Structure formats: C-alpha cells, structure tokens
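I opened my notebook to look at one chain, starting with how its parts sit against each other. Here is what I looked up, step by step.

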Amino acid sequence: MRYFGEKSLSSKASKALDVFWYLALAGSALAVLAAVMNVFSISFGDPVTSEIAKGDFLIDRLSTADKKDWIELRSLPLVWKVIIMPYFVAVDALFLLMIRQTRHLLANFSKDIVFNKGNVHIILKISKLNVGLSVLTVNITSFLISIMLFFLCDVLEKGAVLQDEHDLTI
Amino acid sequence: MSIIFRLDRVMAGRKMPLNELARRIGLTDSNLSILKTGKARAVRVNTLDALCRELGCQPGDLLEYVPDEGTETEDE
C-alpha cells in the first residue's frame, strides 16, 4: 500500500478530510447557534427552534452519563452558562484548527512532499493545538500523543535537512 | 563557498549546450543547471566521471579553489 503521492492512502484521506472539514464547519456553526439559542432561550415560535430553546431535542440521543451532565448543565443559572460557553467554543475552535492543519499536511503528503520544513511547522502546530485540547478536555492520552508528535517533528526536521542535502547532490 | 564549479567555462570552450550535455551524462537539465550555477552542495564521483568523459577534461578543469576573504594560506 502506498502512503504518499497520488492514489495513495494520504490522497484518499485528504479527500475524505476535505468533505469532513466542511461538515465539521457547518456542524460547529449550528452547534454554537443551538447553544446560544438554548442558553438564552431564543425561539422563533416554530417547533424546531422551540425544541432547541428548550434543549430537549438532545435528551433521547445521549447516553445515561451524558444525559445527567446535560440536565445538570441546563439547570445551571444563566450566568454560569454564559461563563461555560466560551470553554465549549474554545474546544470546538481548537478541534477545527487541528483538522485545518491536518488537511494541509495530508495535501502535502498526497503531492509526495514528505520531508519538508513546511510539514515540520504544520506538525508542530498540530502538536501545540493538541496540547491545548488535551489540557482543556483533561485527556492524558491526547497529551501523550502530543509529546510523541513533538518527537516526530524533530525526526521530520532532520529528515528535511537530509532531503535537502540529497536534492542538491548531483 | 571556496570551491567554484567552472562547468560553464569548460562547456563554452567545448561549445556544448546544457541540454545536450545533460542528455549525454544522464542528468536532468535542472540538475545540471544547479551544478552549473554553483548551487549544488555535493557532486557524486559518478557525475564527475561522466562530465570528464563527455567534456574530455580533468576534474581539476571543472573545479577551482578560491580562498575566502580572511582565510590564511601558507604563502601569506
């Protein structure tokens, strides 16, 4: 199986991520809109916005533990909800930024550009974003993956130097 | 860098165009251009061998050492 270049795993993953990126963007925008409508109980009188404003539309789709958290969140005073909202927006923004950077990385991989300083910068950005996300979500696994990515960055940087030497050896 | 590649001078002396030389020694035009313009970091012995064969010269005709300013030599 080919990992880099045209018709490779990275090229297929790149195309799939392109589709996922636009879906995630639309989903995030809708989620933020729904959260604002729910927190401030905004409804336009129609059944959809009324359901969103009440927040009951999610109840059936959640697991028991998440259902408990959701009910707890809904019962919080408005001030707390307004304070908590930026946290969710920050997590969502970090997630979107990570997908954006991964798209750039996979686009380079699908063009067979692997050992390149640009890729090192992209992976470094992804690692930093992942550190932020792991701290915000208190996820130790994600944090360890970030550490591994920092090591991978250094390996790739050394590879980029070697590639440069190779390209200029005639 | 102190080593200067004099490929352009030798090629002009032999009236050998770049694309023709590239074809004969099995390099791409862009790689030979890198060599000609002195942007190369290293030269393979195989490449040097092919260049000397096709241009009918010695490696010394292709390379020249020019001391950097401030570099001390035995003569000074």
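**Two helices side by side**

I began with a pair of helices in this predicted model. In chain A, helix H1 (residues 9–39) and helix H4 (residues 78–110) have axes that come within 9 Å and cross at roughly 165 degrees.

Which way do the two run relative to each other? Angles over 145 degrees count as roughly antiparallel, and H1(A) and H4(A) are therefore roughly antiparallel to each other. I also noted the hand: the crossing of H1(A) and H4(A) is left-handed.

Next I asked what kinds of residues make up the contact of H1(A) with H4(A). Sorted by class, I found 18 nonpolar, six polar and four charged residues there.

**The whole chain**

Then I stepped back to chain A. How many helices and how many strands does chain A have? I wrote down six helices and zero strands. Read from the N terminus, the elements of chain A go α-α-α-α-α-α.

How spread out is chain A? Its radius of gyration is 21 Å, while the globule rule gives 15 Å for 170 residues, so chain A is more spread out than a compact globule. I looked at the extents too: the C-alpha trace of chain A spans about 70 × 30 × 25 Å along its principal axes.

**Burial and contacts**

I checked burial next, and 14% of the 170 residues in chain A are buried.

My last entry is about contacts along the sequence. Taking contacts in chain A between residues at least 6 apart in sequence, I found that 60% join residues at least 24 apart.

Technical notes:
Residues are numbered from 1 along each chain as its sequence is written. Chains are lettered from A and ligands numbered from 1 in the order in which they are written. This is a predicted model: local features need pLDDT of at least 70, side-chain atom pairs count only at pLDDT 80 or more; totals for chains, interfaces and linings use all residues. Axes are lines fitted to C-alpha atoms, for helices over the stretch in contact, and angles run from 0 to 180 degrees between N-to-C directions. Helices (H or I, at least four residues) and strands (E, at least two) are DSSP runs, numbered from the N terminus. Angles under 35 degrees count as roughly parallel, over 145 as roughly antiparallel, 65 to 115 as roughly perpendicular and the rest as oblique. A crossing is left-handed if the near helix is turned anticlockwise from the far one by less than a right angle, and right-handed if clockwise. Ala, Val, Leu, Ile, Met, Phe, Trp, Tyr, Cys and Pro count as nonpolar, Asp, Glu, Lys and Arg as charged, and the others, Gly among them, as polar. The radius of gyration is taken over C-alpha atoms; the globule rule is 2.2 Å times the number of residues to the power 0.38. A residue is buried if 20 or more other C-beta atoms lie within 10 Å of its own, exposed if 12 or fewer, and partly exposed in between; C-beta atoms are placed from the backbone. Two residues are in contact if their C-beta atoms, placed from the backbone, lie within 7 Å.
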